[in-house]
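This briefing covers aromatic pairs, helix packing and backbone angles in one structure. The sequence and model come first.

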Amino acid sequence: MAKDSAVELEVGTRTVRISNPDRVYFPARGETKLDLARYYLSVGEGIVRALRERPCMMHRYPSGVSGEKVHQKRIPQGAPEWVETVRVDFPRYKRHADELCVTELASVVWSVQMSTVEFHPWNSRRADTERPDEWRIDLDPMPDCAFGTVRKVAHVAHEVLDELGMVGWPKTSGGDGLHIYVRIEPRWGFSEVRRAALAFAKAVERRAPNEVTTAWWRKERDPSRVFVDYNQNARDHTIASAYSVRGVPEATVSTPITWQEVDDVEPGDCTIATVPGRFAEFGDLHDGIDDTAYTLDTLLEWADRDGLDS
């Protein structure tokens, strides 16, 4: 293969051209743009499930992850006519954006052609972008917090979810934390979902007061604790989806796990080199996430009880 010769990939009924396939995107092991595209092909069912019908911000790295990072809300000009979008409004700025809206795997691979590494979807879908159907629990360790503490807090969160009668779907963040997703009925706006998330975070903090912080200001957080980041449920806040590669030299992946794996998983071991084999063996561990949607009524009652603002 000539150094910069393009490659055409067959993705379903589409043909997607990958230019500069040999460009190194991840310097730790030398994975290329083509390696990235093939990774997303290998987890196709999972990444499409994670992104389906959601407005999606693309984090692009035109020269690889060691270079400039571009946060792309609006879909780039020249997209194929089959790449779907959804319009979202930003009233504060009197603007709107037609964002990527994945409905098929070819759109993901085309995004890689456009130098996208990370996919950051909204927690709502285009049927009603103002009413989330996904509640996100982000366990974000502060600088001096060991991953063992994150594991412990995850179990506490699991315990509270069980008592609420809800199923949470855990994944690594691709960094130092863990995420837990819960499907919810799309009945509430962002402020109420965030308020419910804060009530949950406070409940986890009460059960693990030496490991958890919900302090809003970073300077007020104990650096050895886990911040349960309820603000990830605010409007237009996004985090990397399940199966999204992260823009780091090691090409780590935000990887679905089982609850039984929480005590053993090493997030740094989940990369574009290892997750395809895991996916081939276990399939999508978030298969079933859309089967049941839960109500936030109890959490909103907790928020009222605790006098929490949105």
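The points below are grouped by topic.

This is a predicted model, in which local features need pLDDT of at least 70 and side-chain atom pairs count only at pLDDT 80 or more, while totals for chains, interfaces and linings use all residues. Residues are numbered from 1 along each chain as its sequence is written, and side-chain values use heavy atoms, with hydrogens and water left out. Helices (H or I, at least four residues) and strands (E, at least two) are DSSP runs, numbered from the N terminus.

**Aromatic pairs**

- The structure holds nine aromatic pairs; rings of Phe, Tyr and Trp (its six-membered ring) pair if their centres lie within 6.5 Å, and planes under 30 degrees apart count as stacked, over 60 as edge-to-face and the rest as tilted.
- One of the pairs is edge-to-face and joins Trp-135 to Phe-200, with 4.9 Å centre to centre and 85 degrees between the planes.
- Trp-135 belongs to strand β10 (residues 134-141) and Phe-200 to helix α5 (residues 190-207), so this pair ties together parts that are 65 residues apart in sequence.
- Trp-135 has a relative accessible area of 1% and is therefore buried (buried means under 20% relative accessible area, exposed over 50%, partly exposed in between, with a 1.4 Å probe and protein chains only).
- Phe-200 also counts as buried, at 1% relative accessibility.
- Phe-227 and Tyr-230 form an edge-to-face pair, because their ring centres are 6.2 Å apart and their planes stand at 70 degrees.
- Phe-227 and Tyr-230 are both buried.
- The charged end of Arg-221 sits over the ring of Phe-227, 3.6 Å from the ring centre; this requires NZ of Lys or CZ of Arg within 6 Å of the ring centre and within 35 degrees of the ring normal.
- Tyr-39, Tyr-40 and Phe-119 are linked into a cluster by ring pairs.

**Helix α3 and its packing on α1**

- Nine of the nine residues of helix α3 (residues 105-113) are buried, so α3 is largely enclosed by the rest of the structure.
- Helix α1 (residues 33-42) packs with α3 at an angle of about 165 degrees, and their axes are 10 Å apart; axes are lines fitted to C-alpha atoms, for helices over the stretch in contact, and angles run from 0 to 180 degrees between N-to-C directions.
- The angle makes α1 roughly antiparallel to α3 (under 35 degrees counts as roughly parallel, over 145 as roughly antiparallel, 65 to 115 as roughly perpendicular and the rest as oblique).
- On the α1 side the contact (heavy atoms within 4.5 Å) is made by Lys-33, Leu-36, Ala-37, Tyr-40 and Leu-41, and on the α3 side by Leu-105, Val-108, Val-109, Val-112 and Gln-113.

**Helix α2**

- Seven of the eight residues of helix α2 (residues 44-51) are buried, so α2 is largely enclosed by the rest of the structure.
- The buried residues of α2 are Gly-44, Gly-46, Ile-47, Val-48, Arg-49, Ala-50 and Leu-51.
- These buried residues pack against α1, β5 (55-60), α3, β9 (116-121) and α6 (275-282).

**Positive phi angles**

- Most residues other than glycine have a negative phi.
- Ser-115, which follows α3, has a positive phi near 75 degrees.
- Asn-20 has a positive phi near 50 degrees and lies in the loop between β2 (14-18) and β3 (24-26).
- Asp-236 has a positive phi of about 70 degrees, lies in the loop between β14 (226-228) and α6, and counts as partly exposed at 23% relative accessibility.
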